[in-house]
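Dear colleague,

Please find below the structure that I am handing over to you.

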Amino acid sequence: MGGTLENSAGTGDRAARELERIRLITDEAFAHMDVDEFLDTLLDRLCRALDVDTAVVLLLDPQGRYLMATAARGIEEEVTQAAHVPVGQGFAGRVAAERRTIYIPDVPSAGLFNPLLVQRGLRSLLGVPLIGGGALVGVLHVGTLAPRRFTDDESELLRLAASSVAMALQSLASRAESAGARELQRSLVPAGLPDIPGAELTARYRPGKASVGGDWYDVFTLPSGEVGIVMGDVAGHGLGAAVVMGRMRSALRAYALDSTDPAEVLRKLDRKMTHFEPEATATVLYAVFDSDMRRVRLSSAGHLPPILALPGEPALAVEAKPDVLIGLGDDMARETMTLELPPGALLCFYTDGLIERRDASLNTGIERLRRAVSAGPPEAVGAAVMTALIGRERAEDDVALLIIRRSPG
């Protein structure tokens, strides 16, 4: 009896030590590892801790339909051959669908979905779901070439490791997505504004405290010599919103070459997005300035009104009809309005991050912006706007601001 208790205590101590090592790995991952490094290190540790021949992590695809082999030890062909398993089918698919630990004592007779497991000569498998924050992330399973009955301690070790892995993966993926979204957004916002004869321009872009969104602005010269200016805001945050923003920016530029009517350009953009990306929505304001800057035509897809300042007069919000958002109004009528711009006239375009505050209405924010805008040099006006509306506090949402003035002379 004493020997049995001693052996049991020894097994428990070993499991505790190995679990502590696994926890240390997950802690290190937050500091300096990317997802691939983290998984490779973890699987090496698991193979040694559990004395198994294979270890595999399969992650759930974005649609939640398949498990994709992402990292493997002892059966690397799972990754190199891009093995994937439908949720609900086969060994890993069952673990994911039932969200519980599953043990298979004899692989050859189990009729598994993935032939690689049989071809590798595996005899026993133990799999657990990766669940973080109540959401299924993927599956972790280990296998042996000889028949193996896993102890309760070993099963618990794998479950605890899976819990730490799921949380670490979510954090690492979020960090990677945020960095990717920020880099993508930076690459799509113009690095510099073009020189436009007869005009002065300035722009500001500042990411918010939250994850990167889909705010963007664009300035380009058309073959006719006219100048196009875009201010847009894709609904949502993160890499998904940034990717949609990039596609929308490219599509709008293409349609701008086909028509100089802003309403027609937005109608085509809406049609494209509604068909190919029906889940995406955005507000967009598109303006086309005459080559001599004397006149501007603009159309708004639900975007906030630009602010117009004329020399010697208070600034005012342009009464542009806000037609339906992009993504919601396929083939619905859109309108273009025209503004005359005398010398020195200034227009201020922006996204809601500049004016929106939790404790105030949008109208209040627009009024604050209106009071900060004047028909002065764009750089000075931009500084005044940022001081008045942003100040020292970093905005919760992204802020995009673009100011253009017809040269006074």
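**Findings: strand E17 and its partners**

Strand E7 (residues 199–206) is joined to E17 by 8 bridges, and the two run antiparallel. Strands and helices here are DSSP runs numbered from the N terminus (strands E, at least two residues; helices H or I, at least four), and two strands pair if DSSP finds at least two bridges between them. Within this pairing, Arg204 has Leu401 as its bridge partner in E17.

This is a predicted model, in which local features need pLDDT of at least 70 and side-chain atom pairs count only at pLDDT 80 or more, while totals for chains, interfaces and linings use all residues. Residues are numbered from 1 along each chain as its sequence is written, and side-chain values use heavy atoms, without hydrogens and water.

E17 also pairs with strand E16 (residues 346–350), in the antiparallel sense and over 5 bridges; there, Phe349 has Leu402 as its bridge partner. Of the 8 residues of E17 (399–406), 8 are buried (under 20% relative accessible area; exposed is over 50%, partly exposed in between; 1.4 Å probe, protein chains only).

A further sheet is open and has 6 strands in the order E3-E2-E1-E6-E5-E4, with antiparallel pairing. Strands E3 (84–86) and E4 (102–104) stand at its edges with a single partner strand each, so one side of each has no neighbour in the sheet.

As to confidence, the mean pLDDT (the predictor's confidence in each residue, from 0 to 100) is 84. Over residues 1–8 pLDDT stays under 50. Where pLDDT is low, the predicted coordinates should not be read in detail.

Yours sincerely

Conventions: Contact means heavy atoms within 4.5 Å.
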